[in-house]
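Please open the model in your viewer and keep the sequence panel beside it. The tour below moves from one selection to the next and says what is there.

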Amino acid sequence: MAQVTELLADHAIADPYSHLAGLREAAPLYRDERLGAWLLLRYDDVRAAFRDSRLSADRVSPYFERRRAHGAMQRERATFEVLTRWIVFTDPPRHTRLRKLVEYAFRPRAVERMRGWIASLVEELVEELGTDHELDFIERFASPLPVRVIGDLFGVPPENRSDLTRWSEDILTLVFGAMHSADRHERAERSLREFSEFLHGVIAERRVCPGEDLISDLVAAEERGDVLDEEEIVATCVLLLFAGHETTRNLLANGLKAILEHGSAAALASDPSRMPDAVEEILRFDGPTKAMWRQVAEPVEYGGQRIGPGERLLLVQASANRDPRRFEAPERFDVARRSNRHVGFGYSMHYCLGAAIARLEGALGLGAFLERFPRASLATDTFEWDPLILSRSLKRLPVRLG
Ligand code: HEM
């Protein structure tokens with residue numbers, strides 16, 4: 001069915017779920033002329049597409065081809081150098097090689113060891129909230145927590161945290177499709193140059209004086225004669241900041257909003273062992289990523305439609321996670337939901353590498369906040385969302401602490 005699916009219309013940004021339900025129940029897929037893409041909306045199709053090796057994750061090469069045609073390549077050198085090396089945009093065999101090297105730092109035992117210091121970062125932030133009556137949860141808690149976690153993971157000092165935040169926000173405007181931001185290419189390019197330069201400096205230091213941090217681990221992999229070169233280390237660190245910051249910020253913010261709106265705070269504050277299930281439900285119900293792109297490499301068929309090489313597919317997680325064919329009462333926010341096999345972290349080969357860290361930050365962050373402020377409430381009933389295709393991102397979340 002060819003039409004414009006209006007994913008960026010005001011009502012679809014405010015409430016993508018009702019909008020997507022209407023589309024999903026009318027047809028299994030759509031051709032959106034304005035996006036120049038096919039949209040997959042049903043759970044089984046989205047999951048199948050995530051593991052379909054005929055679909056390529058490299059959606060940046062075609063993008064750079066188009067930019068080249070506009071004569072932008074020289075001006076966007078850093079963007080090109082970094083983004084083409086991101087593991088999330090690569091296919092095998094390159095993906096297999098990069099993933100194996102980076103995965104080491106994220107193995108379950110390594111992440112479990114992070115529990116202690118993530119808990120202390122959370123405590124530090126809860127303390128800093130003090131006794132303010134009303135505050136923006138995003139500015140004071142949801143955004144700083146992941147930056148502190150990643151900064152510590154990289155082993156960079158606290159004074160670099162504000163730079164990390166700015167760099168991450170500028171890259172976001174490009175990668176998550178902030179069409180409204182006219183200078184997004186320039187901002188991303190400037191920040192990528194600065195951040196890459198900063199990382200080259202840190203790498204040089206770690207070669208001389210290695211520490212117990214992720215950058216030292218990646219440098220050691222390179223020096224052992226494995227296959228990560230310095231540009232790949234830089235690109236991987238940029239990806240980890242970008243992938244880990246905005247998404248986790250939105251997990252915490254969308255999560256607190258859902259918990260407070262649905263009256264689940266008291267139960268979770270009194271029994272923190274329920275937090276991990278609650279985090280899974282947040283990821284399903286109102287998760288940080290709404291959709292992911294794929295590029296057709298070999299012909300595929302979805303929803304009875306043959307789709308040829310060169311076409312683009314949008315795998316709409318926000319629709320799949322509310323598909324009544326897979327989830328019972330999908331519109332209900334149920335922090336005790338069982339068998340919650342959502343696709344909030346993607347699926348298969350590119351399954352989120354940081355999922356275990358994000359889950360820890362979600363459970364520890366929201367758990368500690370609710371324990372300290374069991375009577376917290378929303379200070380508004382109108383919410384402003386960023387008009388983005390891929391990300392579900394609130395601008396602010398005003399909260400009364402109780
Ligand atoms: C709640 C928070 C998060 C969500 C919802 C999320 C979501 C996702 C999704 C949907 C993908 C799959 C992309 C695709 O298939 O094209 C992905 C991949 C990835 N994520 Fe996350 N992410 C989160 C947090 C993090 C964190 C904290 C890190 C690291 C510190 C991280 C690092 C990565 C990396 C490196 C990949 C690429 C994996 C690959 O291509 O093999 N993510 N993430």
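Are H10 and H13 roughly parallel or roughly perpendicular to each other? Before selecting them, note that this is a predicted model, in which local features need pLDDT of at least 70 and side-chain atom pairs count only at pLDDT 80 or more, while totals for chains, interfaces and linings use all residues. Residues are numbered from 1 along each chain as its sequence is written, and side-chain values use heavy atoms, with hydrogens and water left out.

**First stop: H10 and H13**

Helices (H or I, at least four residues) and strands (E, at least two) are DSSP runs, numbered from the N terminus. Select helix H10, residues 161-175, together with helix H13, residues 230-261. H10 and H13 pack with their axes 9 Å apart and at an angle of about 85°; axes here are lines fitted to C-alpha atoms, for helices over the stretch in contact, and angles run from 0 to 180 degrees between N-to-C directions. H10 and H13 are therefore roughly perpendicular to each other, given that angles under 35 degrees count as roughly parallel, over 145 as roughly antiparallel, 65 to 115 as roughly perpendicular and the rest as oblique.

Now show the side chains in contact, where contact means heavy atoms within 4.5 Å. From H10, Leu164, Thr165, Trp167, Ser168, Ile171, Leu172 and Val175 meet Val238, Leu241, Phe242, His245 and Glu246 of H13. By class, this contact of H10 with H13 has eight nonpolar, three polar and one charged residues, where Ala, Val, Leu, Ile, Met, Phe, Trp, Tyr, Cys and Pro count as nonpolar, Asp, Glu, Lys and Arg as charged, and the others, Gly among them, as polar.

**Second stop: H13 and H17**

The contact takes in Thr248, Leu251, Leu252, Gly255, Leu256 and Ile259 of H13, and Ala358, Glu361, Gly362, Gly365, Leu366, Phe369 and Leu370 of H17. Eight of the residues in this contact of H13 with H17 are nonpolar, four are polar and one is charged.

Leu145, Pro146, Val149 and Leu153 in H9 meet Ile357, Glu361 and Gly365 in H17.

How many cavities of 30 Å³ or more does the structure hold? It holds two, a cavity being, on a 1 Å grid over the protein atoms alone, a set of points where a 1.4 Å probe fits but cannot get out, with lining residues having an atom within 4 Å of a point. The largest cavity has a volume of about 90 Å³, where grid points are joined across faces, edges and corners and a volume is the space filled by probe spheres set on the points. To find the largest cavity, select its lining: Leu7, Ala12, Pro16, His19, Leu20, Lys290, Ala291, Leu314, Val316, Ala318, Leu388 and Ile389. Helix H2 (16-26) and strand E9 (312-316) are the elements that give two or more residues to this lining, and H2 provides the largest share, three residues.

The second largest cavity holds about 40 Å³ of space, and its lining includes Tyr17, Leu283, Arg284, Lys290 and Asn321.

**Last stop: two backbone details**

Select Pro92 and Pro93, which are joined by a cis peptide bond with omega of about 5°; Pro93 lies in the loop between helix H5 (77-83) and helix H6 (94-103). Finish at Ala329, which is not a glycine and yet has a positive phi of about 40°, and which is placed in the loop between H16 and H17.

Methods
1 Å grid on protein atoms, 1.4 Å probe; cavity = no way out; pocket = protein on both sides within 12 Å on 5 of 7 lines; lining within 4 Å.
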